[in-house]
Amino acid sequence: MKRSDAPRLVDVAQAAGVSLASASRAMSGGTGISPEVAAHVRRVAQQLGYEPNLHARGLAGGLVPTIGLLVNEIGDPYFSEIASGVIHSAALENRSVQIAQADRTPDSELAQVQALLRQRVGSIIIAGSGYADPAHEQKMTDVLADFTLAGGRAAVIGRHHLPIDAVLPDNHRAGISVGQHLAELGHRRIGIVAGPIELNTVSDRIAGLREGAGAAGAELTVVSKAFTREGGIAGARELRDRDLTAIVGLNDAMAIGILSELRQHDVRVPEDLSVVGFDDIAVAGDVAPALTTARIPMFEMGQHAVGLILRPASDEPRTITTDHELVVRRSSGRPRE
């Protein structure tokens with residue numbers, strides 16, 4: 001049988017009717033599980049022909065206290081703020097942080113996590129959105145299951161389909177707040193410059209915008225671009241000649257790109273078009289005009305993630321949901337009559 005066809009720890013957990021964490025403890029001899037349940041899980045594993053990943057088992061007892069942090073792009077202010085929170089909390093625990101960078105694709109994320117595992121890090125934090133299709137994350141689930149079997153700890157920041165601890169940004173309700181803000185100003189034709197649609201962060205924020213603005217009868221036009229300043233420029237270029245009164249960038253980097261493109265074409269903000277972003281990165285209040293945005297507590301999310309991986313493992317994944325705050329500045333106003 002090929003390794004890819006072999007039973008996985010998640011298969012054992014499902015067949016035994018226990019959580020992935022409990023299956024891991026049963027197979028590794030960990031505490032926090034009754035002898036009867038542990039014996040049951042091991043019997044099921046034997047019946048299925050499950051064989052633990054030998055590389056992962058070889059790591060047991062050899063993990064170092066370093067925290068591996070995976071971000072999509074360290075130059076993105078969203079991820080650099082999260083990284084600052086992780087590094088701050090890790091330093092208080094006398095732990096170092098090793099940062100790896102993916103390129104917003106499942107294959108790249110998986111490769112970077114595997115690279116961190118080869119460094120024998122004791123814990124991993126994956127920062128960034130998961131993918132709307134759970135099949136994309138099944139390989140990652142398998143890798144992290146082997147990692148936890150070896151005694152490692154893992155957590156994510158963002159909505160994922162991974163059965164591990166998570167810090168969840170308030171993306172949906174932040175979208176509602178932005179949508180309601182624009183609707184209350186009188187906007188009924190709103191453009192959205194989104195990142196890749198398959199990202200949960202994107203789908204959550206769009207769903208919130210539709211709920212917040214749609215209640216007032218607003219029509220939303222969505223274009224999908226790279227989740228960057230350059231993506232914002234491209235999206236604004238596509239939308240600026242349409243009959244819109246406001247454009248929303250699904251992160252502040254995109255919104256700043258939108259402002260730049262509109263300025264190049266003498267489109268006044270907010271007199272001709274209102275512009276709103278998400279996240280409230282450090283420069284959001286310094287651009288001209290100052291950017292209205294939904295503040296997401298990025299630094300604190302990094303701190304929460306460290307707190308989760310420092311806790312003992314739990315039978316069920318734990319979640320910490322953060323709040324948001326609508327920060328109204330000069331880039332949003334009433335549409336022209």
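Asp279 is found in strand β9, where helices (H or I, at least four residues) and strands (E, at least two) are DSSP runs numbered from the N terminus. The structure is a predicted model, in which local features need pLDDT of at least 70 and side-chain atom pairs count only at pLDDT 80 or more, while totals for chains, interfaces and linings use all residues. Residues are numbered from 1 along each chain as its sequence is written, and side-chain values use heavy atoms, with hydrogens and water left out.

**Positive phi values**

- Most residues other than glycine have a negative phi, and most peptide bonds are trans.
- Asp279 has a positive phi of about 110° although it is not a glycine, and at 3% relative accessibility Asp279 counts as buried (buried means under 20% relative accessible area, exposed over 50% and partly exposed in between, with a 1.4 Å probe and protein chains only).
- Asp280, placed in the loop between β9 and β10, has a positive phi near 65° and is likewise a residue other than glycine; its relative accessibility of 13% makes Asp280 count as buried.

**Cis peptide bonds**

- Val269 and Pro270 are joined by a cis peptide bond with an omega of about 10°, and Pro270 lies in the loop between α11 (252-264) and β9 (274-279).
- From Ala288 to Pro289 the peptide bond is cis, with omega near -5°, and Pro289 has its place in the loop between β9 and β10 (292-295).

**Helix α3**

- Helix α3 (residues 35-48) has 14 residues and reaches 20 Å from its first C-alpha to its last, close to the 20 Å expected at 1.5 Å a residue, the expected span being 1.5 Å times one less than the number of residues.
- The buried residues of α3 are Ala38, Val41, Val44 and Ala45. Seen down the axis of α3, these buried residues fall within an arc of 125°, so they line one face of the helix; the arc is that of the directions from the helix axis to the C-beta atoms.
- Pro35, Glu36, Gln46 and Gln47, on the other side of α3, are exposed.

**Helix pairs**

- Helix α1 (residues 9-16) and α3 pack at an angle of about 120° with their axes 9 Å apart, where axes are lines fitted to C-alpha atoms, for helices over the stretch in contact, and angles run from 0 to 180 degrees between N-to-C directions.
- That angle makes α1 oblique to α3 (angles under 35 degrees count as roughly parallel, over 145 as roughly antiparallel, 65 to 115 as roughly perpendicular and the rest as oblique).
- In this pair, Asp11, Val12, Ala15 and Ala16 of α1 meet His40, Val41, Val44, Ala45 and Leu48 of α3, contact meaning heavy atoms within 4.5 Å.
- The axes of helix α5 (residues 77-92) and helix α12 (residues 298-310) come within 7 Å and cross at roughly 45°, which makes α5 oblique to α12.
- Residues of α5 including Tyr78, Ile82 and Val86 meet residues of α12, among them Met298, Phe299 and Val306.

**Pro317**

- Pro317 is found in the loop between α12 and β11 (319-321), and at 39% relative accessibility Pro317 counts as partly exposed.
- Leaving aside neighbours within four places in sequence, Pro317 is in contact with Pro163, Ile164 and Asp165.
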